[in-house]
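Subject: Structure handover

Hi,

Here is the structure for you to look at. My notes on it follow below.

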Amino acid sequence: MKNILVVGGSSGIGRTLCELLSADGHTVYATFLNTPVASDNIVYRRLDVRDPVIDLSFLPEALHGLVFCPGSISLRPFSRISSDDF
């Protein structure tokens, strides 16, 4: 089976995806920002994707998939994105 990282896997779509991937037999590594999650089948670690330095030492040597589901993204038209936002 595969090693999958789900960034933002503690709630909503990310959490459901983690549960589905785990049920399919994959090893799932997931992150949360504020609310710790307990699971026997999913490896959860705190991660703030906005931090300038990110510790990913909890991950295995090889990942086969990455899903990005955190709620920190700010969607808007390109014409309204400043160079600092980018």
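How many residues apart in helix H1 are Glu 19 and Arg 15, and about how many helical turns is that? They are four residues apart, so about one helical turn separates them. Please keep in mind that the model is predicted.

Salt bridges

There are two salt bridges in the structure. One joins the side chains of Glu 19 and Arg 15, at 3.3 Å from N to O. Both partners are partly exposed: Glu 19 has a relative accessible area of 42%, and Arg 15 is at 30%.

Arg 50 and Asp 48 form a salt bridge too, with their closest N and O atoms 3.0 Å apart. Arg 50 is exposed, because its relative accessibility of 56% is over 50%. Asp 48 is buried, because its 11% is under 20%.

Cores

The largest nonpolar core is made of 10 residues. Ile 4, Val 6, Cys 18, Leu 21 and Val 28 belong to it, along with Ala 30, Phe 32, Val 37, Ile 42 and Tyr 44. At least two residues each come from strand S1 (3-7), helix H1 (12-23), S2 and strand S3 (42-46). S2 contributes the most, with three residues.

Tyr 44, from the largest core, has contacts beyond its neighbours within four places in sequence. Among them are Gly 9, Ser 10, Arg 15, Cys 18 and Ala 30.

Tyr 29

Tyr 29 sits in strand S2 (residues 27-32). Is Tyr 29 buried or exposed? Tyr 29 is buried, at 12% relative accessible area. Leaving out neighbours within four places in sequence, Tyr 29 contacts Asn 3, Ile 4, Leu 5, Val 6, Val 43, Phe 58, Leu 59 and Pro 60. Ser 57 is 28 residues away from Tyr 29 along the chain, and their C-alpha atoms are 12 Å apart.

The largest pocket has a volume of about 260 Å³. Its lining counts 17 residues. Closest to the centre are Gly 8, Phe 32, Leu 33, Pro 70 and Gly 71. By class, the lining splits into seven nonpolar, eight polar and two charged residues. Phe 32 also belongs to the largest nonpolar core.

Best wishes

Conventions. Residues are numbered from 1 along each chain as its sequence is written. This is a predicted model: local features need pLDDT of at least 70, side-chain atom pairs count only at pLDDT 80 or more; totals for chains, interfaces and linings use all residues. Side-chain values use heavy atoms; hydrogens and water are left out. Buried means under 20% relative accessible area, exposed over 50%, partly exposed in between (1.4 Å probe, protein chains only). Contact means heavy atoms within 4.5 Å. A nonpolar core is a set of buried Ala, Val, Leu, Ile, Met, Phe, Trp, Tyr and Cys residues joined through side-chain atoms within 4.5 Å. On a 1 Å grid over the protein atoms alone, a cavity is a set of points where a 1.4 Å probe fits but cannot get out, and a pocket is an open set with protein on both sides within 12 Å along at least five of seven lines; lining residues have an atom within 4 Å of a point. Grid points are joined across faces, edges and corners, and a volume is the space filled by probe spheres set on the points. Ala, Val, Leu, Ile, Met, Phe, Trp, Tyr, Cys and Pro count as nonpolar, Asp, Glu, Lys and Arg as charged, and the others, Gly among them, as polar. A salt bridge is a side-chain nitrogen of Lys or Arg within 4 Å of a carboxyl oxygen of Asp or Glu.
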